[in-house]
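Take a look at the fold below.

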Amino acid sequence: MAERKESLKGSKVAIGVDIGGTAVKAALVSEAGVISHRTEKPTDPLAGTASIVAIVGEVMAIAAATDLEVVGVGVGAAGFVDFGAGSMTFAPNLVYEDPAIAAAVERAVQVPVTLDNDANAAAWGERSFGAVPGANDLVLLTLGTGIGSGIVQNGRLIRGHTGTGSEFGHTIIEVSGPLCRCGLKGCIEQLASGQAIERMAREAVVDDPSSSILDFAGSTEAITGLDVTKAAREMDATARTVLRRAGKYLGIGMSNIANLFDPEVIVLSGSVVGAGEPYLGPARDTLAEMTAAQKRRPMRVVLSTLGFDAGIVGAARQAFDKALG
Ligand SMILES: [Zn+2]
C-alpha cells in the first residue's frame, strides 16, 4: 500500500497495530485506509502487552509531531480474544503479561482502543479496503505457520458467545491426524499450514533423499515451507506431492466452510499463499469437486490484496468504527 505521509496532515487517523510471535507492527491509518509512518519492532515474547503499549506510544508521538489527530487505536493480536472486554483469553504462542490489553493501552494514550483476533482484523481490512470491498458474507483464511480465520456474515464479524468462535484452524479434518498445540488431533492447522508442509516434507524426504527440497534446505531438520516451494517450482515430484496433499486438505476445509457459512467469497492470505499453484490449484479443484457433488453454486476464492498490511488496516478501521460510531 502506498505511503502518503503529507496527504494526511491535519486530518483524523487511527493507529493500527498487528502483533504476532516475532514482530509487532504499527502505523497511522487514514479513514480511507491509507497507511503512513509504519513502525516495526521485535515482540517481547514474555511481555506482549508491554510491546503493544510501547509501539503505540511511539506512533502516538509521531502523530502529535505531524499534526494528526488520533481518534483511536485498533489492535489485532494472535490468540483467543474477548472483543467486548478488550482482553486476551488464551494465546498459545505469546505471553500477554496483562491480558486486559485494551485497558492497558487506553491508560497509556487516553483514546478508545479495540482489541480483536488478528485474522478478524485482517478480514475487516480486506472487506473495507482490500480484495472484497463491501462484501457482507466472506471468510478470510490466514495461511501461515498456523491457520487463522475471520468470518463476516451479514456485514458483521462472527465471534461467538465468549469470543473464541471463528477458529477454523482447529476444526478437525482427519480424526487420527497429527497432534495440534490446541490439544486436539487432526486440526486443519496440522494438515494445510506452513508447519504442516514442513512436517510432511521432512517425512517425505526420508523416502526420497534425492529430492531437491534437501538441496535447498541443507538438511532434513532445516526444511522450511519456502524450500518446498522452491523445489516444487523446479518440478520436484516429492515437493509437488507434499503441496498437493496440503492443498487438498485446504480444499476440504473450504468445502466445510461452504457448508457452514455459504459465503460469497473466500479470501486466502498469509505466507503459504506464496507456494502458488502447486498448493492453490489442488485446493480449488478439491473445493470445486466437493461443491459439484453437493450441487452447490460455485464459490469465489480470491487472494488477499492487502497482504501483510490487512491486519493493521483492518484494526485501524475497527478503531474508527468505535470512535466515530
Ligand atoms: Zn488445533
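This is a predicted model. Start with the sheet. Its 5 strands are ordered β10-β9-β8-β11-β12. The sheet is open, and its pairing is mixed. Strands in a sheet pair through backbone hydrogen bonds, in either a parallel or an antiparallel way. The edges are β10, at residues 156–157, and β12, at residues 300–303. Each of these edge strands pairs on one side only.

Strand β9 covers residues 147–153. It is joined to β10 by 2 bridges, and the two strands run antiparallel.

Helix α3, residues 118–129, lies across β8 (138–143), β9, β10 and β11 (265–269). Against β9, α3 runs at about 50 degrees.

Then turn to a helix pair. Helix α5 spans residues 194–207, and helix α8 spans residues 237–261. Their axes come within 10 Å and cross at roughly 140 degrees. Angles over 145 degrees would count as roughly antiparallel, so α5 is oblique to α8. The crossing of α5 and α8 is right-handed.

Which residues of α5 and α8 make the contact? From α5 come Ala196, Ile197, Met200, Ala201, Ala204 and Val205. From α8 come Thr238, Thr241, Val242, Leu243, Arg245 and Ala246. Sorted by class, the contact of α5 with α8 has 9 nonpolar, 2 polar and 1 charged residues.

Definitions and conventions:
Residues numbered from 1 in each chain as written. Predicted model: local features only at pLDDT ≥ 70, side-chain atom pairs only at ≥ 80, totals over all residues. Axes fitted to C-alpha atoms, helices over the stretch in contact; angles between N-to-C directions. Helix = DSSP H or I, 4+ residues; strand = E, 2+ residues; numbered from the N terminus. Parallel < 35°, antiparallel > 145°, perpendicular 65-115°, else oblique. Left-handed = near helix turned anticlockwise from the far one by under 90°. Contact = placed C-beta atoms within 7 Å. Nonpolar A, V, L, I, M, F, W, Y, C, P; charged D, E, K, R; others polar. Pairing = 2+ DSSP bridges.
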